[in-house]
Amino acid sequence: MIASGMKLPKISLGTWLMGGTKEPDPLNNDQNDISVIHTAIENGITTIDTAQNYAAGRCEEIVGEAIKNYPRTAYQILTKQNREYLSYDNVIEGCHESMKRMGIDFIDYFVCHAPNPDFDTQDFFRASNKLFDDGFIKSVGISNFGPKNIEIAVKTSRLPILFNQVHFSIDDDDIITTGTYASCVKHGIKIQAYRSLVSIDDNKNAQPILKKLASKYSISKYQVVLAYLNSYKDIVFTIRSSSKKHWDEIKEAMRLELEKKELDEIKKTHTGKEGNFRQFLLM
Ligand SMILES: NC(=O)c1ccc[n+]([C@@H]2O[C@H](COP(=O)([O-])OP(=O)(O)OC[C@H]3O[C@@H](n4cnc5c(N)ncnc54)[C@H](OP(=O)(O)O)[C@@H]3O)[C@@H](O)[C@H]2O)c1
């Protein structure tokens with residue numbers, strides 16, 4: 001095992017919806033997206049989480065535009081290899097295309113976006129071993145990997161698997177029920193939670209306790225949710241936010257320790273509903 005020396009920060013900036021959805025949006029306000037990235041960097045959120053398939057590559061181009069006037073030491077890039085292209089050659093090529101779109105010559109965190117049974121999972125890691133040896137990536141991560149594919153990743157990668165980017169919110173607990181969380185903890189893999197905020201209103205049972213604790217601590221219900229999720233061991237977050245106010249609130253939430261009985265009360269409402277990303281964890 002090679003020590004990469006890399007560590008993922010507590011908070012990264014999510015970039016989903018920058019440049020479009022699955023396809024580029026010709027009416028997208030690129031300047032707005034660029035200023036969202038600048039706001040994050042200026043507020044100390046310097047790891048930018050993007051993906052090859054966000055707006056079919058346009059998102060990475062916008063990230064490239066946003067970072068071009070910063071020194072390379074001022075930001076870190078996390079990008080995710082498209083799960084439709086996971087052969088050894090696809091992965092080598094995908095990494096080079098990502099770097100080209102962003103105008104950079106290495107990627108800090110190179111991630112397999114999700115497993116795909118049409119490919120041999122080992123190939124992503126064989127290719128990333130080579131990309132590391134050639135100096136094109138600094139570390140490797142996984143996303144939407146369940147226990148079976150985590151074992152393959154750990155066995156094949158010469159680099160430590162730093163993190164697993166997965167859906168974790170109060171609206172589903174797929175990472176718990178599929179054994180993904182336990183498998184990550186066992187292997188020392190951080191959980192990087194995504195979509196932790198967008199759907200908190202969908203959990204109706206949680207609203208009274210969120211309201212009560214928001215009032216008690218004079219914070220927002222979003223901060224209560226983040227403080228709750230952050231009480232799980234080995235959790236870090238990727239969050240999309242456009243405002244300094246929200247970044248300040250997110251940082252404040254990371255420092256907040258709720259009482260055990262408060263955490264338990266939220267946990268009781270943490271639904272076991274099956275989320276959209278569960279299928280990947282079961283592959
Ligand atoms: N690996 C995967 O398969 C996968 C899947 C989905 C997402 N992701 C990644 O995860 C990132 C995060 O997920 P997401 O973008 O879907 O959703 P999210 O980060 O959970 O939520 C984003 C929304 O939360 C709001 N928000 C942020 N901070 C807030 C605060 N302190 N108080 C109140 N509202 C706040 C933002 O509004 P403001 O702009 O007003 O702050 C924005 O509308 C994505 O951007 C993407 O990079 C990965």
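Asn 29 counts as exposed because it has 11 C-beta neighbours inside 10 Å. The cut-offs are these: a residue is buried if 20 or more other C-beta atoms lie within 10 Å of its own, exposed if 12 or fewer, and partly exposed in between, with C-beta atoms placed from the backbone. Asn 29 sits in the loop between β1 (11-14) and α1 (30-42). Met 18 is 11 residues away from Asn 29 in sequence, and the two C-alpha atoms are 8.6 Å apart in space.

This is a predicted model: local features need pLDDT of at least 70, side-chain atom pairs count only at pLDDT 80 or more, and totals for chains, interfaces and linings use all residues. Residues are numbered from 1 along each chain as its sequence is written.

Now the whole chain. The protein chain has 12 helices and eight strands. Helices (H or I, at least four residues) and strands (E, at least two) are DSSP runs, numbered from the N terminus. Along the principal axes, the C-alpha atoms fill a box of roughly 50 × 40 × 35 Å. Of the 283 residues, 43% are buried.

The eight strands close into a barrel. Its order is β1-β2-β3-β4-β5-β6-β7-β8, and the pairing is parallel. Neighbouring strands of this sheet are turned by 30° against each other on average, direction ignored. Axes here are lines fitted to C-alpha atoms, for helices over the stretch in contact, and angles run from 0 to 180 degrees between N-to-C directions. Strands of a sheet pair through backbone hydrogen bonds, either parallel or antiparallel. Two strands count as paired if DSSP finds at least two bridges between them.

Strand β2 (residues 47-49) runs parallel to β3, and three bridges join them. Asp 49 stands opposite Leu 78 in β3. Strand β3 (residues 76-81) is mostly covered, with five of its six residues buried. On to the next pair: β3 and β4 (residues 109-112) are parallel over four bridges. Here Thr 79 faces Phe 110 in β4, and Lys 80 stands opposite Val 111. Three bridges then join β4 to β5, again in parallel. Val 111 has Gly 141 as its bridge partner in β5.

In a regular strand the side chains alternate between the two faces of the sheet. Strand β4 is covered on both. Tyr 109 and Val 111 are buried on one side, Phe 110 and Cys 112 on the other.

β2, helix α2 (residues 58-67) and β3 make a right-handed β-α-β unit. Right-handed is meant as follows: with the strands pointing away from the viewer, the path from the first strand over the helix to the second runs clockwise. β3, helix α3 (residues 88-102) and β4 make a right-handed unit. So do β4, helix α4 (residues 121-133) and β5. Within helix α2 lies Gly 64. Gly 64 counts as partly exposed because it has 18 C-beta neighbours inside 10 Å. Met 99 is 35 residues from Gly 64 in sequence, with 8.9 Å between the C-alpha atoms.

Which residues are closest to the ligand? They are Gly 14, Trp 16, Tyr 194, Arg 240 and Ser 241, out of 24 residues that surround the ligand. The elements that give two or more residues to this shell are β8 (235-239) and α10 (244-255). The largest share, three residues, comes from α10. A residue belongs to the shell if its C-beta atom, placed from the backbone, lies within 6 Å of the molecule. By class, the shell has seven nonpolar, 13 polar and four charged residues. Ala, Val, Leu, Ile, Met, Phe, Trp, Tyr, Cys and Pro count as nonpolar, Asp, Glu, Lys and Arg as charged, and the others, Gly among them, as polar.

Two backbone angles remain. Most residues other than glycine have a negative phi. Asn 144 has a positive phi, near 60°. Asn 144 lies in the loop between β5 (140-143) and α5 (147-156). With 26 other C-beta atoms within 10 Å, Asn 144 is buried. Ser 218 also has a positive phi, about 55°. Ser 218 is in the loop between α8 (207-217) and α9 (221-230). Ser 218 is exposed, because 7 other C-beta atoms lie within 10 Å.
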